[in-house]
Amino acid sequence: MRQETREQIAALLEKWEALQSNLNIPELEQKKEAVEKQTFSPDFWNRSDAQSVMRQVSLYKDKLTQVEEIVTALEEITTYQDLAQEDPDSYTTFESELSALITRTKKRLKDFELSQYLQGKYDSNGALLSI
């Protein structure tokens with residue numbers, strides 16, 4: 001495995017550790033379940049805040065899906081890395097696959113990082129901008 005690839009993998013893992021340190025996944029799952037539980041009420045759609053609650057459920061689900069996709073991709077990457085260390089000759093057979101996976105994971109991490117910055121009370125609302 002090339003040194004550049006090793007460095008990219010290390011950077012991805014480091015970035016994920018930094019992002020994950022600010023994220024409490026069990027708490028996020030609990031919040032999603034609590035908000036989702038409200039939707040099971042028979043008169044839920046008669047409430048004035050029904051759409052807002054559904055938007056919250058969607059935001060929690062999206063965040064958890066992002067986390068799951070990143071974790072899965074990083075596990076795949078480390079599996080490839082382990083395979084390359086065990087059998088260096090096999091690296092050429094999956095080098096392009098690994099490179100594409102690293103690129104996709106970088107984008108996912110960047111998108112997730114941006115979503116972490118935009119998780120304030122009003123950040124899910126639209127905005128008008130005039131120049």
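Modeller: Rings of Phe, Tyr and Trp, the last by its six-membered ring, count as a pair if their centres lie within 6.5 Å. Please keep in mind that this is a predicted model.

Biologist: Which residues do ring pairs link into a cluster?

Modeller: The structure holds 4 aromatic pairs. Ring pairs join three residues into a cluster, and these are Tyr-80, Tyr-91 and Phe-94.

Biologist: What is the angle between the planes of Phe-44 and Trp-45?

Modeller: Phe-44 is buried, because its relative accessibility is 0%, whereas Trp-45 is exposed at 60%. The ring centres of Phe-44 and Trp-45 are 5.0 Å apart, and the pair is edge-to-face because the angle between their planes is 75°.

Biologist: How are the rings of Tyr-91 and Phe-94 arranged as an aromatic pair?

Modeller: Both Tyr-91 and Phe-94 belong to helix α4, residues 91–117, where they sit 3 residues apart, about one turn of the helix. Tyr-91 counts as buried at 6% relative accessibility, and Phe-94 likewise counts as buried at 5%. With 5.7 Å from centre to centre and 90° between the planes, the pair of Tyr-91 and Phe-94 is edge-to-face.

Biologist: Is Asp-82 buried, partly exposed or exposed?

Modeller: Asp-82 lies in helix α3, which covers residues 50–86, and together with Glu-86, Asp-87 and Asp-89 it forms a negative surface patch. Since buried means under 20% relative accessible area and exposed means over 50%, the value of 40% for Asp-82 makes this residue partly exposed.

Terms used
Residues numbered from 1 in each chain as written. Predicted model: local features only at pLDDT ≥ 70, side-chain atom pairs only at ≥ 80, totals over all residues. Heavy atoms only, no water. Patch = residues over 30% accessible without salt bridge, like charges linked within 9 Å, V, L, I, M, F, W, Y side chains within 5 Å. Areas by Shrake-Rupley, 256 points an atom, 1.4 Å probe, with all protein chains shown as cover. Salt bridge = Lys/Arg side-chain N within 4 Å of Asp/Glu carboxyl O. Lys, Arg positive; Asp, Glu negative; His and termini not counted. Charge placed at Lys NZ, Arg CZ, Asp CG, Glu CD. Helix = DSSP H or I, 4+ residues; strand = E, 2+ residues; numbered from the N terminus. Buried < 20%, exposed > 50% of the residue type's maximum accessible area, 1.4 Å probe, protein only. Phe/Tyr/Trp six-rings, centres within 6.5 Å; stacked < 30°, edge-to-face > 60°.
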